[in-house]
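Please view the sequence and the structure together before reading on.

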Amino acid sequence: NKIVNNLYSHKPEYQIIASQSAYNVTVSPLVNADILSLMNSSVSWYLYQKNIYKIIYEKLNNLPGNLNFDQWCKITSVEDIETFFYGLFCSTFPEDGNISIDCPECGNLTQIKINASQLSQVDDIKGFKKRKDDIAKNVVTLEDVKSRTMLFQQTCYKLPESGVVVKIKTPSLYDHLEILRTISEDILSKNEMSTTNLLYIDSLLIPADDGYYAENGRVTILGLIDRMSITDAKYLRTSIQQKIEENKISFSIKNVKCPECGHAHERIPVSMQDILFTAISERV
């Protein structure tokens with residue numbers, strides 16, 4: 001219906017840069033059908049997460065190349081997903097809205113009024129602004145993306161006690177979905193670090209008489225981690241955390257005054273997924 005199309009076709013888009021993945025896109029706002037779909041959590045972890053990623057994918061415009069959903073998942077870093085939630089929030093809720101936060105000073109859960117301009121991306125690495133400027137100006141094609149992406153880059157760490165070499169990578173959304181699809185929820189729920197370990201570990205090189213043998217079976221890797229010494233396990237956690245922090249994009253609310261204790265916070269770190277879902281649930 002042309003009248004209906006005209007009525008709802010002028011919503012503002014919001015531009016974001018997926019800095020680990022190395023491309024920029026515009027994000028369209030969520031509509032009622034998306035929100036109803038997001039609220040459906042009565043499915044498996046895999047289907048729930050896939051549904052969230054699909055909704056995000058369907059809101060993206062000006063992707064580098066004519067990518068289907070699977071192709072998009074393969075070129076998009078897990079660590080960039082907060083930026084997509086930020087884009088969805090800014091395009092869907094450009095007006096003021098209330099969110100709930102824990103005040104870092106007094107600990108009270110409090111409702112504060114914010115707008116999109118108060119939310120900001122925190123870049124912890126000095127070279128990041130230069131990288132984002134390069135992506136914004138120079139990335140047009142899929143080849144441009146492939147020459148700049150942080151996906152597929154691997155770093156090797158040797159565990160101090162066992163001598164096992166861990167290959168750690170920056171994972172994609174496709175990696176995340178494959179883990180949820182192929183590993184049972186029971187196994188993943190036993191240890192909250194399990195999914196993170198499987199996401200970031202590409203493979204283990206295990207010392208043998210004639211050198212090393214490679215192990216990339218996911219369930220086997222989890223089993224080996226469970227049997228690691230405390231020293232090796234701590235080193236592994238630190239190594240993965242370094243990879244995560246290396247180019248981590250995080251968000252904060254700027255210039256917030258707590259209505260309970262009156263403390264003025266220059267920045268409060270936030271999860272953009274939590275903020276988006278809270279904004280949705282308040283309106284539903």
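The model is a predicted one.

**The largest pocket**

The volume of the largest pocket is about 470 Å³. Its lining consists of 20 residues, and those closest to the centre of the pocket are Val78, Glu79, Ile81, His176 and Leu199. Three helices, α3 (45–58), α5 (81–92) and α10 (194–200), each contribute at least two residues to this lining. The largest share belongs to α10, which provides 4 residues. By residue class, the lining comprises 10 nonpolar, 6 polar and 4 charged residues.

**The packing of α3 and α8**

Two packed helices are described by the angle between their axes and the distance between the axes. Helix α3 packs with helix α8 (residues 173–182) at an angle of about 160 degrees, and their axes lie 8 Å apart. Angles over 145 degrees count as roughly antiparallel, and α3 and α8 are therefore roughly antiparallel to each other. The crossing of α3 past α8 is left-handed. The residues that make the contact are listed by helix below.

| Helix | Residues in the contact |
|---|---|
| α3 | Trp45, Tyr46, Gln49, Lys50, Tyr53 |
| α8 | Leu173, His176, Leu177, Leu180, Arg181 |

This contact of α3 with α8 is made up of 6 nonpolar, 2 polar and 2 charged residues. His176 of α8 takes part in the contact with α3, and His176 is also among the residues closest to the centre of the largest pocket.

Conventions: Residues are numbered from 1 along each chain as its sequence is written. This is a predicted model: local features need pLDDT of at least 70, side-chain atom pairs count only at pLDDT 80 or more; totals for chains, interfaces and linings use all residues. Side-chain values use heavy atoms; hydrogens and water are left out. On a 1 Å grid over the protein atoms alone, a cavity is a set of points where a 1.4 Å probe fits but cannot get out, and a pocket is an open set with protein on both sides within 12 Å along at least five of seven lines; lining residues have an atom within 4 Å of a point. Grid points are joined across faces, edges and corners, and a volume is the space filled by probe spheres set on the points. Ala, Val, Leu, Ile, Met, Phe, Trp, Tyr, Cys and Pro count as nonpolar, Asp, Glu, Lys and Arg as charged, and the others, Gly among them, as polar. Axes are lines fitted to C-alpha atoms, for helices over the stretch in contact, and angles run from 0 to 180 degrees between N-to-C directions. Angles under 35 degrees count as roughly parallel, over 145 as roughly antiparallel, 65 to 115 as roughly perpendicular and the rest as oblique. A crossing is left-handed if the near helix is turned anticlockwise from the far one by less than a right angle, and right-handed if clockwise. Contact means heavy atoms within 4.5 Å.
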